[in-house]
Amino acid sequence: MKRSLFFTITILILGLTTMMNAQKDDNNLNSEVKKLLDKMTIEEKIGQMTQVTIQTVSKKQGNKDQHHELDLQKLEEVVVKYNVGSLLNVYDKAHEIEYWHEVITKIQDLATKKTRLKIPVLYGIDAIHGATYTLNSTLFPQSLGMASTFNRELVKKGAEITAVETYASGIPWNFNPVLDVGRQSLWPRLWETMGEDPYLVSELGSTYVKAMQENNLVPKDRFLACLKHYVGYSFPFNGLDRTPAYMSERTLREFFLPPFEAAVKAGALTVMVNSGEIDGIPGHANYHLLTEVLKGEMKFKGFVVSDWEDIKRLFTRDRVAQSPKEAVFMAVMAGVDMSMVPTDLSFYDLLLELVKEGSVPVSRIDDAVSRILFVKMKLGLFENAYPDKSYLPKFATAENTQANLEAARESIVLLKNNKNILPLGKDKKVFVTGPTADMLSVLNGGWTITWQGNEESLMQSDKKTVVKAMISEVSSKNIIYNPGCSFDKMLDVDNAVKSAKESDVIVLCLGEPAYCETPGNINDLTLPKAQLDYAKMMIATGKPVVLVMIEGRPRIITEIADKVDGIVVAFLPGMQGGVAISDVLYGVTNPSGKLPITYPKSPNAITLYDYKPIEFFDGNGYNPLYPFGHGLSYTQFTYSDLKLSADKITENEELKVSVTVKNTGNVKGKESVLLYLTDLFGTVSRPNKQLKGFDKVELAPGESKTVHFTLGWEHLSFIGASNSRIVELGEFVVTVGDLKSRFNLVFGGGK
Ligand code: BGC
């Protein structure tokens with residue numbers, strides 16, 4: 001007893017000392033920042049707030065065999081004359097890691113040797129599922145796939161490896177994670193999200209940020225995450241990218257803000273702004289959200305970077321500003337600290353004019369620049385801004401590939417398995433067909449070697465597509481392959497039908513080509529007609545069909561879903577995705593992914609799993625093809641002994657919940673245990689249920705484990721009628737698996 005008290009006190013003291021040291025370090029940094037700021041001219045300050053692309057400082061575009069070329073004169077003008085604080089992105093396609101070292105070295109040579117104050121440049125890149133723009137990097141499942149694993153450890157590992165490989169490339173700043181909550185399935189950026197549930201996104205998002213910034217692989221504080229796109233971008237009313245969202249402050253705070261709050265608490269130091277608008281106010285002109293909420297309420301200490309060209313667009317697109325200059329004024333005064341201009345120096349010129357004429361106060365500039373310098377100092381750039389060659393051996397290692405494979409395997413979701421059609425016997429003759437069966441780009445999606453990720457010829461040629469992985473698993477004599485149809489037209493159908501008839505089972509790989517952002521806009525979530533018609537032809541052969549959907553959003557397959565025997569969905573499972581899918585098909589891996597989104601039955605059925613009572617009333621209902629959290633295994637799990645530590649708690653207490661999970665089948669398997677909470681009555685209508693806990697366990701046949709959860713104020717609270725977070729007394733239901741238990745929240749004197 002005494003011993004445990006001693007340990008508790010020691011841990012508390014250690015914790016407090018670490019916090020105080022961090023505070024002291026930050027205070028020291030702040031005084032360093034102040035000293036540097038005092039030496040800076042207004043021009044130097046505004047330069048720090050400017051970010052341009054590498055294209056802006058390059059001579060000509062490269063091609064498949066040859067790199068683009070930096071224009072050293074332009075680079076010098078941008079870095080030395082204009083003191084530009086940040087550069088971003090890549091020229092056309094991924095570079096070899098050594099080439100990145102050359103590029104970053106040239107930039108930092110100018111910044112740290114030729115500028116008056118020797119302030120290093122901060123280079124940023126979209127390394128959203130691995131080091132996207134470095135050749136042969138480890139490319140993980142995209143975020144929606146990672147979320148399907150419901151496994152914090154895998155998300156952590158993926159973030160660490162992404163950080164180490166991007167850092168090894170000489171780049172310390174990653175424009176990720178996307179913390180937009182994916183509540184609009186048509187949106188072409190759905191696959192960049194971690195799904196439709198705010199708790200899931202908050203948990204995985206903050207795990208990602210911590211792992212990226214505080215792992216054991218990159219020296220502490222030497223790598224930066226960037227939360228995007230703050231906030232509400234993922235809920236466009238018409239589903240198209242960069243179109244308006246309409247939502248009340250309460251909806252924003254209940255569903256879209258929590259992941260950003262959690263990730264800021266986890267230590268995130270940069271935030272990118274929502275490229276769209278909410279209720280008519282563009283993200284980049286939203287003083288309330290950027291300054292009052294993010295920097296005020298959330299006490300965000302880092303800096304806010306605009307998204308691509310979005311300050312200019314306040315004038316050119318949104319027409320909320322009447323000139324480019326007014327656009328700069330609006331954005332900077334709203335709280336944007338750095339402008340991703342990104343291809344010229346207009347922001348610099350216009351902001352300088354605004355400051356000189358007194359419209360933008362120097363105090364706002366000082367605030368923005370202090371934030372940028374604080375981050376640069378915290379990142380250790382002033383000590384060493386150069387690529388660290390000792391990290392080259394840590395890039396794309398066999399261990400990294402293995403971690404990627406494990407993530408890809410757990411990201412695959414088995415939706416349907418009639419008569420145990422899966423796993424396939426290795427002696428079965430399989431006809432593999434469909435447009436996604438033999439392509440790597442479709443497994444990876446956007447931000448893979450190029451922005452759109454759709455250049456098949458540039459993919460990592462040593463990696464396996466689905467059909468190639470299946471051939472490796474069982475030998476080519478048991479696999480017949482013919483694509484049969486493309487994404488939108490029939491191809492060699494007669495031969496395909498003939499081969500299908502000669503097989504024991506058809507593996508039909510349908511889905512989407514790779515796309516990214518606005519070019520991925522579609523008007524109908526339904527899978528293109530050619531693919532559905534082709535599926536019907538395969539079904540008509542009478543052979544059992546296993547449908548493999550490889551996609552970035554849930555394309556509607558209702559017409560064929562009840563006629564196929566098995567359905568597997570892979571939300572962009574990355575470079576190891578082909579092997580992972582084959583492993584699931586042949587039972588090398590027992591699938592354990594679950595849906596992080598609702599899989600709708602029809603394009604307009606957009607009710608999500610946390611629907612309101614009124615959405616289930618008077619003929620309404622939640623009737624998707626597959627609900628959020630659905631995912632089968634080759635074994636069975638049974639739940640028992642759902643126990644709550646009390647039948648009532650106060651707002652100041654915690655409730656412990658435990659449940660026992662048993663593997664009652666014949667093979668080893670992993671199960672994500674999901675805990676939902678229902679607040680039965682509330683002055684603001686309460687969702688049917690909300691995810692408030694999850695944990696993944698691995699169980700051998702016959703084995704049981706008890707899983708523990710803790711529920712407290714943050715789980716029980718919601719955004720009340722006055723738009724602030726409250727709890728209301730009354731009855732709650734806890735649901736885990738098919739078990740339910742109730743407890744009451746009673747008054748304990750107030751928080
Ligand atoms: C995207 C961002 C991205 C930025 C830089 C924008 O178009 O919206 O997510 O980080 O480009 O590439």
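Phe150, Tyr199, Tyr609, Phe628, Tyr676 and Phe694 form one aromatic cluster, where rings of Phe, Tyr and Trp (its six-membered ring) are taken to pair if their centres lie within 6.5 Å. The structure is a predicted model, in which local features need pLDDT of at least 70 and side-chain atom pairs count only at pLDDT 80 or more, while totals for chains, interfaces and linings use all residues. Residues are numbered from 1 along each chain as its sequence is written, and side-chain values use heavy atoms, with hydrogens and water left out.

In total, 18 aromatic pairs are present in the structure. One of them joins Phe150 and Phe694, whose ring centres are 5.9 Å apart with an angle of 85° between the planes, an edge-to-face arrangement (planes under 30 degrees apart count as stacked, over 60 as edge-to-face and the rest as tilted). Because Phe150 lies in the loop between α5 (143-148) and α6 (152-168), whereas Phe694 belongs to strand β22 (residues 690-699), this pair ties together parts that are 544 residues apart in sequence. Both Phe150 and Phe694 are buried, a term that means under 20% relative accessible area, with exposed set at over 50% and partly exposed in between (1.4 Å probe, protein chains only). The pair of Tyr611 and Phe616 is stacked, because the ring centres are 5.2 Å apart and the planes stand at 15°. Within this pair, Tyr611 is buried with a relative accessible area of 9%, whereas Phe616, at 47%, counts as partly exposed.

A further buried residue is Asp583, which has a relative accessible area of 3% and is placed in helix α21 (residues 577-586). When residues up to four places away in sequence are not counted, Asp583 touches Leu405, Arg409, Glu473, Val588 and Thr589, a contact being defined by heavy atoms within 4.5 Å.

For the protein chain as a whole, 22 helices and 27 strands are found; these are DSSP runs numbered from the N terminus, with helices (H or I) of at least four residues and strands (E) of at least two. The radius of gyration, taken over C-alpha atoms and compared with a globule rule of 2.2 Å times the number of residues to the power 0.38, is 26 Å, close to the 27 Å that the rule gives for 751 residues, so the chain is as compact as a globular protein of that length. Of the 751 residues, 60% count as buried, and among contacts with a separation of 6 or more, 79% are accounted for by residues 24 or more positions apart.
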